[in-house]
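This report goes through selected local features of the structure shown below.

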Amino acid sequence: MATYLEFIQQNEERDGVRFSWNVWPSSRLEATRMVVPLACLLTPLKERPDLPPVQYEPVLCSRPTCKAILNPLCQVDYRAKLWACNFCFQRNQFPPAYTGISEVNQPAELMPQFSTIEYVIQRGAPSPLIFLYVVDTCLEEDDLQALKESLQMSLSLLPPDALVGLITFGRMVQVHELSCEGISKSYVFRGTKDLTAKQIQDMLGLTKPAMPMQQARPGQPQEHPFVSSRFLQPIHKIDMNLTDLLGELQRDPWPVTQGKRPLRSTGVALSIAVGLLEGTFPNTGARIMLFTGGPPTQGPGMVVGDELKVPIRSWHDIEKDNARFMKKATKHYEMLANRTATNGHCIDIYACALDQTGLLEMKCCANLTGGHMVMGDSFNTSLFKQTFQRIFTKDFNGDFRMAFGATLEVKTSRELKVAGAIGPCVSLNVKGPCVSENELGVGGTSQWKICGMDPTSTLGIYFEVVNQHNAPIPQGGRGAIQFVTQYQHSSTQRRIRVTTIARNWADAQSQLRHIEAAFDQEAAAVLMARLGVFRAESEEGPDVLRWLDRQLIRLCQKFGQYNKEDPTSFRLSDSFSLYPQFMFHLRRSPFLQVFNNSPDESSYYRHHFARQDLTQSLIMIQPILYSYSFHGPPEPVLLDSSSILADRILLMDTFFQIVIYLGETIAQWRKAGYQDMPEYENFKHLLQAPLDDAQEILQARFPMPRYINTEHGGSQARFLLSKVNPSQTHNNLYAWGQVRNCQVSRGGGQALFEKLVSKWISLALETEFTQVFCWGWGWGGNFEYCSWGGRGHWCGSPAVHSII
Amino acid sequence: MNVNQSAPPVPPFGQPQPVYPGYHQSGYGGQPGSTAPPTSYGAYNGPVPGYQQTPPPGVSRAPPSSEAPPASTAQAPCGQAAYGQFGQGDVQNGPSSTVQMQRFPGSQPFGSVPLAPVVSQPAVLQPFGPPPTSAQVTAQLAGMQISGAVAPALPPVGLGYGSFGPARGPQPNYGSPYPGASTFGSQPGPPQPLPPKRLDPDAIPSPIQVIEDDRNNRGSEPFVTGVRGQVPPLVTTNFLVKDQGNASPRYIRCTSYNIPCTSDMAKQAQVPLAAVIKPLARLPPEEASPYVVDHGESGPLRCNRCKAYMCPFMQFIEGGRRFQCCFCSCINDVPPQYFQHLDHTGKRVDAYDRPELSLGSYEFLATVDYCKNNKFPSPPAFIFMIDVSYNAIRSGLVRLLCEELKSLLDFLPREGGAEESAIRVGFVTYNKVLHFYNVKSSLAQPQMMVVSDVADMFVPLLDGFLVNVSESRAVITSLLDQIPEMFADTRETETVFAPVIQAGMEALKAAECAGKLFLFHTSLPIAEAPGKLKNRDDRKLINTDKEKTLFQPQTGAYQTLAKECVAQGCCVDLFLFPNQYVDVATLSVVPQLTGGSVYKYACFQVENDQERFLSDLRRDVQKVVGFDAVMRVRTSTGIRAVDFFGAFYMSNTTDVELAGLDGDKTVTVEFKHDDRLNEESGALLQCALLYTSCAGQRRLRIHNLALNCCTQLADLYRNCETDTLINYMAKFAYRGVLNSPVKTVRDTLITQCAQILACYRKNCASPSSAGQLILPECMKLLPVYLNCVLKSDVLQPGAEVTTDDRAYVRQLVTSMDVAETNVFFYPRLLPLTKSPIESATEPPAVRASEERLSNGDIYLLENGLNLFLWVGASVQQGVVQSLFSVSSFSQITSGLSVLPVLDNPLSKKVRGLIDSLRAQRSRYMKLIVVKQEDKLEMLFKHFLVEDKSLSGGASYVDFLCHMHKEIRQLLS
């Protein structure tokens, strides 16, 4: 039998699923004792070049409350042409089209390798993709110019039948009518007035004209959506028009006096965009793309006033309840986000400014609708330009890597219930037999809506084992889960992707080893992190950290081996060995630490954390550091200050940043120009190697990371220095310097770091829990305490002492 | 049967009116056929040579035709010399020498005349009961007496003139016992074969005669304003003005140029003291426009106390070092830079070099202190706001307008010798939503911005909305080309109104300038928006206490809006093209309060109304305007301006605020005493208008006028001006209808008029029989004019007059000047075929009465708004042919609005005359050809104001009798 590692990897590749536990504890009680919940990371649209979609519709279980889809786990009676639903055990007739099936002539969905299968729905007219640009004009001239170029470029990337629309805003909001010839026409709205969807549609004249026309000419083909929307037109018709229009776009002409911010009506602009699509194309895949160069300064959704002397809210202000506009603005954007989600549209936010732009308030627009969030310094940077371009990249079939209006339904076998999901989704509030009463993340439903997706969008889905302890599951019993994702493919087809998985049940008392061995610590770390980040959105930071700590300790308690009064004896099995270290970095990560981050940055980081797949998420939790030297091939090194050596080049990938750092000597060499001398060509190669590697990462990543090329003593070196464990500067109780990065030694010897963790855990187990823990986390505690309390001392503070 | 009488003793230019002799109302009897079948008319005899001899005063003209009835000719002599004799304010207004009485019968060219009356008489009188009734009052024209004998008869009658309302009873037999002859005791006139039994229309004062006399007497030499308290020539007289220290009557006209010294006297006389001021009046090319005086940084020199501006009446004392204010007597220092020595008469040596010391009207350049926010204004802007709803598109209005604007924009008003106008323009179209246009010169195509948030109007763009015409010409042309196309298929019928004005005002505010909105609007604004109106027209309200609501705005929203407009200096000109009720009363609130104009083209059709609309538009766009103006009238101690009438807004009791003021707008100011006046020093008026010129220059225009003061009532009556008085009274009454029932307003007018005349009779006229009606010379037309006011559509609407028409006229009259009200209330009726074709001058007018029309003639009638060409049924074929290019009367299209362009002297002359009439008026008068006996004739007859009107308005004669009765009641 293959190892679990292989099994996990295989499953991930085939189904896009990583479970925290791959053997499931068979009773509710035991499951809760496992600390890490039974959960999975699901990448519903994981790219499967080897999986061509089938051109027919799925066969459903006939029980109305079930409607599970025929899958390889079903019992099939080929003779009677019957199949038994593996969720509700209903026996179903095959539909007439399946009369020819037999053991040797199976439809694809019954074959084991098609545990994930994609159906193309032929019904209904295909609806075109819709792209609605919402463009801020309160930009600097060169910024606007760059943005205009990017937008014009994007037009050439869109499929010719895609509908596009343009809304520009500054002090006013302009909805451009694209159909007209000659005069360019736009509808203008005051940026200060909140309008209802009805009002917006009335004012845009969207409400009535289409109807009587149709009645008058019943014979005409139903072209209704195209007729009624002068604001959204097929790109092939208005390509030139729109290009000109974008070309003529001017900066907001209203004067901005000194000491003021420009008046920017982002809230109203977004509201109009939402209202426009709501009225014209409900339940059709559409992207609202918001490009903004600063914070909303007026009207509903304003984040900061126009007085420059009043800075935009900081975490400190929020703590002090000093952020005047935050609550109201958040409410406004939440309302919009929910409406958008209901309509199946998604909102992207491209915010490029040196200061904050109000992402904190606007985040829900992207988070709830599955839109992108991109943050940059200027539209005139390659970061924005390439990120934006990457939105329109195509897959191996030449289709956009985006999907719209998806609903994800989760069906479980009886022993399980769905507790919730965390990711770019909203609840559809579908109650059913498999919905748990306990919520983890967005719960209380078995269906979620994900308005915008790409092949890497990943949701964390949390389950609850509900089987009672006294109702044992027979040996070899398997639990099953079916994920049904209906979505609009970028080729405008409607598709259904079905993934059905099953895992063995195990009795936790007798077969704990099995369960332990099937633990997927990477998945578990990400799933726990998602829970933590989800909590952090609504709870105080320290509470979340305490909760995480407690979970870690409980997990170690449960699965650690330990001889009494011998801290060094503490052991975790291989399948758990990395987990504490992930938690350690998670605690320091910008997802939970707000110190040194603006509220916008925090929102941005959390946004991406909640949607990336496992690999990317792990990088976010624990950045990767590679070291390049003459001594050998590049090697991963410990994320620690001790890794910063004079004769090394470091490449750090934090997901959001890629830092190339030249050690002191290397930097001097370069300055001396050795790389240009033929005899030092190897030095030239050394310099080039990290650049090439970085380029490789840059090519693939979305959003494009901030690319920093620096050297010893350079001002940008802070990006590296802030991430590494400052063991060299803190004379700690333990010799951090000797710790080797676990990633390095994944297969090999025991990492000191783990030892340390074990030490604290074991100490914690038998002594004063809290205190030990504080010591143990050492500077980490100090660090976070600084940020939260702002007082800079950690010792002896009751806040720290009461962690558990 | 008084045949002779009915064959009217023709006034100098009278026509025989065989059908309706004497009693002019008859025509309305509805039996014209029976009375005067067209066939029975004699042939047109053409102009008679004798006719031309009319003018020489005092020369008796022999009846040119032997057929002329000899009968009553002598009865109503009207020697023009006689008028001359009375001249200005000769005390003797009462019965006087016989010479005056002579009115010569004039020509009687029409052979058939004598016959007709016989036939017609019964029919004529039929509607009015006993035929002889009204004939008893005989007038001695020149003496202005109506036989005293009438009087006794009146009391028993009682009801006789209750008739001014619709309920007109049969006329009692008052007077019948009196043999007319006896009443003429003192009248030595020519022999009268038969005693007249009724008041002869020719014997009562004739406006035509008065106008003609004034023209002859005063038209020839310039009116020099140097002398205090001079009564200027009538508005109908062409005269030149030489400014020698008082403002030209073109700028200011007063009801009286002699003000009673005490308020008691004023109260006794009841003559309103008012000045009709037209601060930016256009002058004929021969007269120089006011000089502009630049006093540099110190600004205009003013009295420290009352702030009056330096003017010729200021007294320099102490060798020129100080001056005493002529208004408040405060003694001020003369600033050193202004010092000048005095000559031996106490006048400054440089008096004649300085306009402000020698002229009645001049301008100062204002300094920055006189500007809003202490900033010199930017050049004003014009915004064209065009209704593009279904109605406007369908009627062709939008296309027409856009086409016209393309060329019209080259003629924006400009200052002096400026190469191009400083005025910027902007464009808005609208229906239920507003469309703004960006016409920035750098654009290849205009950009349209739609604002649908009409509840909360704002201006969507800043840069590119208001542009310089020459810079953005290409874009503007492109826009005007495209507007009609863009909306060609519109189905939108609803419109908004208040948000449109609001938008224009906000645009000016954003551009920080004053300006004018040109609104072209078609329908009642019923779309959901502020200022939304409902159709509340209700004819049942007429003659009830609620009638006033028809004149009041429906909602207060427009007043509020107007206030904001005034504050911004945003003047609104409204062009209405209604097909039905649009509530002019409400829509005109903003134009009215912002000093704008309203033009109304009911049932607009391009073919018929194009010329009129375009001409009005051209004139309106091109005329010189002042923006963001404030006017203040200062007076010397003793009197004070207390009331103001016109198109403006007042936020306090003294400052007249005008968002815009053009050369046609008039402000009427009423004065009251607050102290005794001094005969010696007289009374002074100074009207100061602070405004922004069309080039954006801030200026002050000053008009000064000195009036005499009198202790004798006779002086007052001798120096009155009836036209101005009527102007004031009409405005007073038209404002009154907003607050009181129309009947009350009318009664007030009649009472006041009676009091004025009674006071004269009591205090000034020489003793005479109580039964005599004696009118002051200067006011002898007061009754006829007042009657016209009383009969006007606003105060006594006919069945065909819509509520909108009344509201429209009401607001028009509010800012009319004296000349306009004069012709508006008493239209000019010009016979076209009487005078020889070769004569270059305008034909002399005839009185506006049906009995003056001859069916063999063609007449033009104009009142400043309407122009009719009346064609008699028996006009010679040749005339028909040469005018209309058709062969017979019956082939003339009734309602025709354009005369064919024909190359013959008559056609040329008539068209030339029409053109010259139009040129005289501020609005284009659309021509309507009316054929005798045609249904359109009703419309025409409405303007024959001396006749009894269908709506119940009294005839001149009846009204005069009524007035007489009122006076007698007051006297007794």
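In this predicted model, Lys623(B) is buried, with a relative accessible area of 11%; buried means under 20% relative accessible area, exposed over 50% and partly exposed in between, with a 1.4 Å probe and protein chains only. Lys623(B) sits in the loop between α18 (606–622) and β21 (625–635) of chain B. Helices (H or I, at least four residues) and strands (E, at least two) are DSSP runs, numbered from the N terminus. Leaving aside residues up to four places away in sequence, Lys623(B) touches Pro413(B), Lys516(B), Ser597(B), Tyr599(B), Asp662(B), Asp664(B) and Lys665(B), where contact means heavy atoms within 4.5 Å.

The model is predicted: local features need pLDDT of at least 70, side-chain atom pairs count only at pLDDT 80 or more, and totals for chains, interfaces and linings use all residues. Residues are numbered from 1 along each chain as its sequence is written, chains are lettered from A and ligands numbered from 1 in the order in which they are written, and side-chain values use heavy atoms, with hydrogens and water left out.

Strand β24 (residues 667–673) of chain B is mostly covered, with six of its seven residues buried. β24(B) pairs with β7 (residues 273–277) of chain B and is joined to β22 (residues 639–645) of chain B. Two strands pair if DSSP finds at least two bridges between them. The table sets these pairings beside one from another part of chain B.

| Strands | Bridges | Sense | Bridge partners |
|---|---|---|---|
| β7(B) and β24(B) | five | antiparallel | Ala274(B) and Glu670(B) |
| β10(B) and β11(B) | three | antiparallel | Arg322(B) and Asp333(B) |

The pair β10(B) and β11(B) belongs to an open sheet of three strands in the order β9-β10-β11 (chain B), with antiparallel pairing. β9 (315–317) and β11 (331–333) of chain B are the edge strands, each with a single partner strand, so one side of each has no neighbour in the sheet. From one strand to the next the twist averages 35 degrees.

Which residues of helix α25 (residues 877–884) of chain B are buried? They are Val879(B), Val880(B), Ser882(B), Leu883(B) and Phe884(B). Their cover includes β28 (858–862), β29 (866–871), α26 (905–920) and β30 (926–931) of chain B. Ser885(B) follows α25(B) and has a positive phi, near 60 degrees.

Two packed helices are described by the angle between their axes and the distance between the axes. The axes of α22 (residues 782–791) and α28 (residues 956–971) of chain B come within 9 Å and cross at roughly 110 degrees. Axes are lines fitted to C-alpha atoms, for helices over the stretch in contact, and angles run from 0 to 180 degrees between N-to-C directions. α22(B) is therefore roughly perpendicular to α28(B), a class that spans 65 to 115 degrees, with angles under 35 roughly parallel, over 145 roughly antiparallel and the rest oblique. On the α22(B) side, the contact involves Pro783(B), Val784(B), Leu786(B), Asn787(B) and Leu790(B). Tyr956(B), Phe959(B), Leu960(B) and Met963(B) contribute from α28(B). These residues divide into eight nonpolar, one polar and no charged; Ala, Val, Leu, Ile, Met, Phe, Trp, Tyr, Cys and Pro count as nonpolar, Asp, Glu, Lys and Arg as charged, and the others, Gly among them, as polar.

In chain A, the secondary structure comes to 24 helices and 29 strands. Buried residues make up 59% of the 804 residues in chain A.
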